[in-house]
Amino acid sequence: MRIQTIAALTDFSTQAEQALDRAALIAAQHQAVLWLVYAADEQDPRFVSPQARLEQRARQLARRHSIDVVAREFDGYNRVAERAMAVASGADLLVLDRRMERLWNKPWRGAVLAHCLRHSPCPVLVVQQQTPTTEDMAQSAYARMLVAVDSTERAREVLHFAADLQRSTAVDLFQSRDPGLSGVEEEQEFEVLEQFRDELKRETLETAEQRRLRIKDADDARRNRVDSQNGTRDVTRQIMVQQQRSGADLIVVGATRNHWSDRWSLSTRATRLAMMVSCDVLVCGQLPQERERPRPIEVGSRKGWLQFRF
């Protein structure tokens with residue numbers, strides 16, 4: 001599940017530009033192609049030609065990170081959510097800021113972010129924090145990620161995808177306290193998580209990289225212990241409390257989306273989580289599929305100077 005293409009949305013706001021910076025950093029680490037898409041329900045009058053500004057931004061990121069950056073046009077899609085899904089259909093990762101506005105003509109769809117989390121054919125990274133401006137890529141990477149996992153095979157796939165996102169990042173495997181599990185089932189789940197951790201350790205040894213891998217549960221944070229004693233077992237709140245306890249700058253959640261109820265459940269939990277924390281959130285409703293690396297066409301001899309549109 002290599003990341004070969006990353007799509008990032010921007011409306012040139014401060015939050016959206018932070019998302020572009022993070023997308024470029026990840027693209028540089030994976031040597032992936034970065035697609036930039038202008039996505040705004042209403043055009044800012046300050047920008048006479050948003051596409052021209054987007055192409056300028058593409059050249060800037062390409063020179064800074066030595067990557068292929070493409071400014072894509074989607075004139076046939078008028079709304080942000082539709083543009084996001086169009087570009088995500090060919091990407092391995094969709095990066096955007098926390099867009100909470102609703103579609104005025106389709107209010108039943110909810111916020112743009114929730115729509116993307118429900119229907120995106122690839123993982124979605126919601127960027128909420130400023131990316132460090134240092135030139136050292138290692139210092140700009142995430143320092144610690146908190147991955148909410150259980151004992152399912154799907155959780156294992158999400159964990160490996162998140163761990164490969166940035167191989168230098170410390171990983172906390174977080175076992176929430178689910179009200180539907182008994183004490184014996186929680187012990188069995190913990191043993192499976194130990195197996196997941198040991199797999200990552202072996203991969204770390206094979207690549208000669210050092211990485212901190214820890215298993216944490218809801219009892220690690222005092223507020224979660226108090227909530228548990230009071231009979232409150234809100235999984236989303238447990239993740240939020242653990243993130244504040246550990247100082248993780250990236251939270252990873254994922255689940256299968258085989259049914260419409262699964263899509264609504266995941267998008268609701270992830271949207272609520274993004275509103276509760278200030279760090280970035282990676283939502284893996286659908287993992288990328290293996291495919292050939294896309295090859296840009298009519299690219300100039302210098303990276304960043306692209307003479308094509310499609």
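These questions and answers look at helix 4 and its packing against helix 10 in a predicted model.

Trainee: At what angle do helix 4 and helix 10 pack, and is helix 4 parallel or oblique to helix 10?
Mentor: Helix 4 spans residues 112-119 and helix 10 spans residues 260-276, and their axes lie 8 Å apart. The two pack at an angle of about 135 degrees, and that angle makes helix 4, in relation to helix 10, oblique.

Trainee: Is the crossing of helix 4 and helix 10 left-handed or right-handed, and which residues of helix 10 make the contact?
Mentor: The crossing of these two helices is right-handed. From helix 4, the contact draws on Ala-114, Leu-117, Arg-118 and His-119. On the side of helix 10, the residues that make the contact are Arg-263, Trp-264, Ser-267, Ala-270 and Thr-271.

Trainee: Is Ser-267 buried or exposed, and what is its relative accessible area?
Mentor: Ser-267 lies in helix 10, and, once its neighbours within four places in sequence are left aside, Ser-267 is in contact with Ala-114, Leu-117 and Arg-118. Buried residues are those under 20% relative accessible area. Ser-267 is therefore buried, as its relative accessible area is 1%.

Trainee: How many residues of helix 4 are buried, and what covers them?
Mentor: Helix 4 is mostly covered, with 7 of its 8 residues buried, and among the buried ones are Val-112, His-115 and Cys-116. The cover over these buried residues includes helix 3 (80-88), strand 4 (93-97), strand 5 (124-127), helix 10 and strand 10 (280-284).

Terms used. Residues are numbered from 1 along each chain as its sequence is written. This is a predicted model: local features need pLDDT of at least 70, side-chain atom pairs count only at pLDDT 80 or more; totals for chains, interfaces and linings use all residues. Side-chain values use heavy atoms; hydrogens and water are left out. Axes are lines fitted to C-alpha atoms, for helices over the stretch in contact, and angles run from 0 to 180 degrees between N-to-C directions. Helices (H or I, at least four residues) and strands (E, at least two) are DSSP runs, numbered from the N terminus. Angles under 35 degrees count as roughly parallel, over 145 as roughly antiparallel, 65 to 115 as roughly perpendicular and the rest as oblique. A crossing is left-handed if the near helix is turned anticlockwise from the far one by less than a right angle, and right-handed if clockwise. Contact means heavy atoms within 4.5 Å. Buried means under 20% relative accessible area, exposed over 50%, partly exposed in between (1.4 Å probe, protein chains only).
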